[in-house]
Amino acid sequence: MRLRVEFTTEPFDLDEAPEHAVVARRVIETADLESVDVGPFGNTAEGGADAVLTAVDALLRKSLEAGATRVSLQVNVIREGE
């Protein structure tokens with residue numbers, strides 16, 4: 001099964017990326033994922049279910065430890081042909 005995760009961390013800072021955002025992006029960029037898209041207002045990555053779920057666990061733990069007060073995420077199953 002393939003999954004897509006989309007996430008943001010808060011609080012936002014438009015002048016400089018907060019530490020929790022940097023940490024979350026680093027987790028996703030170094031995970032065994034495909035189609036990683038990192039942006040200022042949202043991030044998306046795709047991969048096998050085990051890789052995505054492992055990355056989500058690390059993302060939540062590390063970004064909260066780094067000061068995130070809220071993490072919004074959505075996980076979708078990618079159907080064949082999408």
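Student: Let's start with Arg 2 and Glu 46: what is the N to O distance where their side chains meet in a salt bridge?
Tutor: First, this is a predicted model, where local features need pLDDT of at least 70, side-chain atom pairs count only at pLDDT 80 or more, and totals for chains, interfaces and linings use all residues. Residues are numbered from 1 along each chain as its sequence is written, and side-chain values use heavy atoms, with hydrogens and water left out. A salt bridge here puts a side-chain nitrogen of Lys or Arg within 4 Å of a carboxyl oxygen of Asp or Glu. For Arg 2 and Glu 46, the N to O value is 3.3 Å.

Student: How many residues apart are Arg 2 and Glu 46?
Tutor: Strands are DSSP runs of E, at least two residues, and helices are runs of H or I, at least four, both numbered from the N terminus. Arg 2 sits in strand S1 and Glu 46 in strand S3, so the pair links distant parts of the chain, and the separation is 44 residues.

Student: Is Glu 46 buried or exposed?
Tutor: Buried means under 20% relative accessible area, exposed means over 50%, and partly exposed is in between (1.4 Å probe, protein chains only). Glu 46 has a relative accessible area of 16%, so Glu 46 counts as buried.

Student: Which strand holds Glu 34, whose side chain meets that of Arg 2 in a salt bridge?
Tutor: Glu 34 and Arg 2 come to 2.8 Å, N to O. Arg 2 is in S1 and its partner is 32 residues away in sequence, so the bridge ties together separate parts, with Glu 34 in strand S2.

Student: What is the strand order in the open sheet of 4 strands?
Tutor: Two strands pair if DSSP finds at least two bridges between them. The pairing in this sheet is antiparallel, and the order is S2-S3-S1-S4.

Student: Which strands stand at the edges?
Tutor: Look for strands with a single partner, because one side of each is then left without a neighbour in the sheet.
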